[in-house]
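Please open the structure in a viewer and keep the selection tool at hand.

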Amino acid sequence: MKNVLSFLITFAIMASTAAAQIDLSYYLPDTVTYNPAIPTPKSIIGHEVGEWHISHDKLVQYMRALDQASDRITLEVIGQSHEARPLLLLTITSPANHSNIESIRKEHLRLSDPANAGTIDPKNMPVVFYMGHSIHGNEPSGANAALLTAYFLAAAQGKKIEEYLRNTIILLDPSFNPDGLQRFSSWVNSRKSNVISTDPADIEHNEAWPGGRTNHYWFDLNRDWLVAQQPESQGRVKKFHAWKPNVLTDHHEMGTNATFFFQPGVPSRVHPLTPLRNQELTRLIGKFHARALDSIGSLYYTQEGYDDFYYGKGSTFPDVQGAIGILFEQASSRGHAQESVNGVLRFPFTIRNQFVTALSTLAAVNAMRVELLTYQRDFFKTAAGQATKDPVKAIAFGSNDVARATMLAEVIGRHGVDIQKLNNQTINGKRYNTVFGVALNQAQYTLIKSMFEKRTQFTDSMFYDISSWTLPLAYGVDYEELKTGISGEKITDFKIPSGKLIGGESRYAYVFEPTGYYVPRAVNRLLQHNIRIKVATEPFFNSTGKKFERGSVVVPIAGQEKSEESINYIIQQILQDGIDVYAFNTGLDYQGVSLGSGSFAVIRKPEIALFVGDGVSSNDAGEIWHLLDHRYQIPVTLLPVDAISRGNLSKYNTLIFPAGSYNSINESGKEKLKSWVQAGGVIIGFENALQWLTSAGIGKFEMKSSESGDKQPAPRSYASLDEYRGAQESPGAIFDATADLTHPLLYGYDRTSVSIFKSNNIFMEKSKNPYANPLTFGNNPLLSGYISKQNYTQVKNSSVAGVSALGSGRIIGFTDNLCFRAFWLGTNKLFTNALFYGPVISSGSAR
């Protein structure tokens with residue numbers, strides 16, 4: 001017994017020592033020789049892979065070194081992150097392929113051109129394999145494994161690797177999210193103990209808010225592939241379309257107590273537009289992963305937990321474009337080592353699993369090369385046939401807001417879809433000043449369908465992400481399916497056209513209408529220059545008889561601190577945002593109200609604080625921050641929640657409460673907020689923040705109660721518990737709301753129908769005050785997406801927006817996210833109207 005105990009102790013010490021002294025031999029195949037002229041990771045970054053978390057700057061340093069040392073690698077910078085970090089892409093293939101790389105690329109693209117694909121024999125073509133890593137910055141095993149994969153592909157020698165390189169064009173992106181990776185690596189490296197702590201409670205394993213998952217503006221980049229609102233996404237999507245890869249892998253991490261997942265996901269949760277053959281090929285590739293993980297003794301699972309539905313994710317985006325997307329999810333050590341139900345999970349182990357499955361995918365794409373190339377060719381040929389049979393031949397979309405229509409056209413056009421500016425400017429019988437058209441008979445037919453479709457029937461009731469994303473509804477533009485072809489000018493430049501100065505320079509006043517997307521930027525630009533401006537609360541007319549609706553902005557010339565020349569200069573800047581500005585030479589109006597009327601309300605410059613920190617949803621806060629800071633250039637202070645209790649709020653007149661929990665605010669903080677509002681402050685709250693504002697006695701937003709009734713539910717099996725609960729979640733669907741266009745929150749909207757994206761179970765009762773329901777759902781509001789029957793009952797006849805009054809202040813509440821993922825542009829104006837016009841909302845319309 002003593003000898004056995006001694007042996008176990010010795011073995012444990014050896015295992016611990018091995019864990020602390022891991023080198024390349026732990027990761028790399030020992031059946032391969034390596035070119036000594038290729039630098040190892042340690043020789044450049046100064047430590048073994050997995051000993052420390054790689055920072056983005058060192059990752060870049062090593063990839064540049066490989067580019068210099070290997071004739072198999074060409075490195076290019078395909079963009080920059082918000083924090084000016086380079087987005088790298090390594091093209092890795094044989095030297096012979098490199099010498100002919102542009103011809104190979106062009107020939108490969110012919111597979112996705114139905115007009116030419118039939119003449120191509122894929123047997124002698126290389127396959128294109130896109131490797132992507134760590135789109136969530138605090139899921140770092142992918143980016144750290146990229147060091148090994150790049151080294152292996154540059155240094156490995158032998159017939160097999162030469163065959164792989166001859167038959168494969170590898171596009172390796174070592175870090176999809178440079179800013180998040182840098183943030184997370186700094187956190188864990190600066191908190192690493194010499195004797196590594198595996199305690200899950202250790203600070204190393206518990207990042208401070210907002211964590212490293214997201215990019216600079218706290219966006220989840222793995223939800224941005226389709227709409228590509230962030231620069232990181234735009235760089236990689238452009239490169240995706242430049243090559244049209246056959247397989248794209250996306251290396252992620254999940255909870256510490258899990259094992260390893262590879263696709264396919266749950267079979268019943270595949271988008272109907274994804275061909276069955278896609279899933280068959282994914283399963284075949286999965287067998288290569290299983291063999292590889294079996295060989296090193298790693299546990300794994302597949303066809304559980306994850307789905308293939310939303311095309312905005314990296315592993316699903318390829319599925320609607322003739323390619324195979326593969327998600328890898330590795331249990332995360334969230335640091336250097338952490339206790340788990342499967343034993344101590346060490347960072348090197350997580351890296352090795354990612355590396356092994358990168359190589360198993362490489363083996364699979366080579367073994368299945370002809371199948372994958374043939375599938376790609378057949379996908380686009382089939383799509384062409386479907387387009388011919390489709391009774392819908394084109395889709396027209398348009399708006400009186402040139403900016404939103406143009407930005408939607410840009411999103412669609414970014415994916416290789418031809419866009420036309422139409423000669424016919426009528427949609428659904430209504431004339432618009434900007435109308436674009438998309439013909440369906442083009443290569444991206446299937447992708448186009450996914451962008452415009454509305455779907456309310458599903459084979460499953462659980463979703464890993466959103467269940468609908470109909471883009472014209474998101475952008476708040478009208479659209480129509482056409483049974484005939486379209487005629488217009490092909491558009492390749494999506495720059496928003498400048499507005500016009502109508503009537504020349506004025507010495508009396510300027511006016512612009514509220515419709516344009518960038519009106520908030522124009523209003524802010526004027527206020528930041530201390531120019532006094534007013535908003536119209538009643539319609540009025542100019543001398544030519546043109547009608548200006550409520551929400552139009554008036555810029556009087558007289559009585560301003562700025563000179564006429566300075567005001568004219570700012571007006572010229574406003575024109576650059578696609579906004580027409582009208583010169584008024586008289587204030588007299590016999591049809592409506594004259595410019596000196598008291599119905600024109602002075603617009604107060606908002607001094608904004610956006611609450612951030614523990615308890616607040618970083619995604620929601622980031623979307624608001626991005627809208628104000630990046631799109632509208634409106635100054636905003638990011639204020640920690642605890643500043644309410646310890647700080648001075650007097651320098652702000654507008655406070656924004658994103659979705660989150662605010663229970664950390666004590667009674668003193670609540671009283672401070674009440675006094676602040678009573679003195680004239682405006683609070684804008686979103687989603688579950690409304691419930692806290694109500695419980696704190698600040699706002700009045702009564703929520704609907706669950707209508708379970710007294711009926712005893714039928715017995716259900718224990719095994720169905722998770723599925724039933726999951727079905728009650730609202731993953732994200734689109735609902736039609738009816739708007740009161742006379743209300744200040746709706747200024748700038750020209751249709752009474754507003755498409756609201758709802759991804760929560762928050763249902764607000766309508767107010768008994770008939771003037772206090774500016775935006776409500778009706779009896780049949782579902783436009784597209786999934787919602788359970790129980791929750792749909794609650795949505796019906798509920799309220800989306802409401803205003804409470806407290807003293808001289810206002811508390812404005814929205815049940816839903818108005819800035820969703822930076823692409824739900826159609827509801828942005830609701831939020832900015834609350835910012836600028838909240839103080840002028842009558843207390844008589846309060847809840």
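**The model as a whole**

This is a predicted model, in which local features need pLDDT of at least 70 and side-chain atom pairs count only at pLDDT 80 or more, while totals for chains, interfaces and linings use all residues. Residues are numbered from 1 along each chain as its sequence is written, and side-chain values use heavy atoms, with hydrogens and water left out.

Colour the protein by pLDDT, the predictor's confidence in each residue, from 0 to 100. The mean for the protein is 95, and 97% of its residues reach 70 or more. Now select residues 1-19, where the pLDDT is below 50. Beyond near neighbours in sequence, this stretch has one contact (heavy atoms within 4.5 Å) in the model. Where pLDDT is low, the predicted coordinates should not be read in detail.

**The nonpolar cores**

Which residues have the most contacts inside the largest nonpolar core? Select Phe512, Phe657 and Phe831 to see them; the core itself has 170 residues. A nonpolar core is a set of buried Ala, Val, Leu, Ile, Met, Phe, Trp, Tyr and Cys residues joined through side-chain atoms within 4.5 Å. Buried means under 20% relative accessible area, exposed over 50%, and partly exposed in between, with a 1.4 Å probe and protein chains only. Helix α15 (residues 402-413) supplies the largest share of this core, eight residues. Helices (H or I, at least four residues) and strands (E, at least two) are DSSP runs, numbered from the N terminus.

Apart from this core lies another, of 64 residues, and Leu148, Ala156, Leu172 and Ala358 are among them. In soluble globular proteins, nonpolar side chains tend to be buried together.

**Phe831 and helix α26**

Centre the view on Phe831. Leaving aside neighbours within four places in sequence, Phe831 is in contact with Ile624, Leu627, Leu628, Ile656, Ile684, Phe686, Leu818 and Cys819. Next, select helix α26 (residues 828-837), which is mostly covered, with 10 of its 10 residues buried. The buried residues of α26 include Phe831, Asn828, Lys829 and Tyr837.

**Helices α4 and α8**

Select helix α4 (residues 56-69) together with helix α8 (residues 141-155). Two packed helices are described by the angle between their axes and the distance between the axes. Here the angle is about 10° and the axes are 11 Å apart. Therefore α4 is roughly parallel to α8, the term for angles under 35 degrees, whereas those over 145 count as roughly antiparallel, 65 to 115 as roughly perpendicular and the rest as oblique. Axes are lines fitted to C-alpha atoms, for helices over the stretch in contact, and angles run from 0 to 180 degrees between N-to-C directions.

Show the side chains where the helices meet: Leu59, Tyr62, Met63 and Leu66 in α4 face Ala143, Ala146, Leu147, Ala150, Tyr151 and Ala154 in α8. By class, this contact has 10 nonpolar, no polar and no charged residues. Ala, Val, Leu, Ile, Met, Phe, Trp, Tyr, Cys and Pro count as nonpolar, Asp, Glu, Lys and Arg as charged, and the others, Gly among them, as polar.

Remain in α8 and select Thr149, which has its place in this helix. Is Thr149 buried or exposed? Thr149 counts as buried, at 1% relative accessibility. Not counting residues up to four places away in sequence, Thr149 touches Met131, Leu172, Phe355 and Ala358.

**Ile326 in strand β9**

Move to strand β9 (residues 324-331), which holds Ile326. Ile326 is buried, with a relative accessible area of 0%. Draw a C-alpha to C-alpha distance from Ile326 to Phe262: the two are 64 residues apart in sequence and 7.0 Å apart in space.

**Backbone details in the loops**

Two cis peptide bonds come next. Select Trp209 and Pro210, whose peptide bond is cis, with omega near 5°. Pro210 is in the loop between α10 (178-189) and α11 (231-243). The bond from Gln263 to Pro264 is also cis, with omega near 20°, and Pro264 lies in the loop between β8 (260-262) and α12 (276-295).

Gln303, in the loop between α12 and β9, has a positive phi of about 60° although it is not a glycine. Gln303 counts as partly exposed, at 32% relative accessibility. Asn530, in the loop between α18 (519-528) and β21 (534-536), has a positive phi of about 60° and is not a glycine. Asn530 is partly exposed, with a relative accessible area of 45%.
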